[in-house]
Amino acid sequence: TFVSAFTVLCGARTDLPDRHVCCVFWLNIAAALIQILTAIVMVGWIMSIFWGMDMVILASESQRLPQWLMESLGRLPRLHPV
């Protein structure tokens, strides 16, 4: 999550096109801090797993992942409808 905040500054696409880049950056930083602070009770750890899964799903939908990874993702069950 912390790394994804900096990728926004480098021009990565976001799901919040109406928000300014700095706003999305700080939202990601806040999410990373919440994950770190709640990692003691495992909430942050679980939250980071779902955050990473969302990043992979979004990347696969934009066809920017290698073919072998897209095929292996296709065999995984969906957590939510697309």
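**View 1. Phe2 and Phe6 sit about one helical turn apart in helix 1.** The two residues are four positions apart in helix 1 (residues 2-9), so about one helical turn separates them; helices here are DSSP runs of H or I with at least four residues, numbered from the N terminus. This is a predicted model, in which local features need pLDDT of at least 70, side-chain atom pairs count only at pLDDT 80 or more, and totals for chains, interfaces and linings use all residues. Residues are numbered from 1 along each chain as its sequence is written, and side-chain values use heavy atoms, leaving out hydrogens and water. Phe2 is partly exposed at 48% relative accessible area, and Phe6 is partly exposed at 37% (buried is under 20%, exposed over 50%, partly exposed in between, with a 1.4 Å probe and protein chains only).

View 2. Rings of Phe, Tyr and Trp (its six-membered ring) pair if their centres lie within 6.5 Å; planes under 30 degrees apart are stacked, over 60 edge-to-face, and the rest tilted. Phe25 is buried at 9% relative accessibility, while Trp26 is exposed at 55%.

**View 3. Phe2, Phe6, Phe25 and Trp26 form one aromatic cluster.** The structure holds three aromatic pairs. In one of them, Phe2 and Phe6 have ring centres 5.2 Å apart and planes at 70°, so this pair is edge-to-face.

**View 4. Ser4, Ala5 and Val8 are the buried residues of helix 1.** Seen down the helix axis, they fall within an arc of 110°, so they line one face of helix 1; the arc is that of the directions from the axis to the C-beta atoms.
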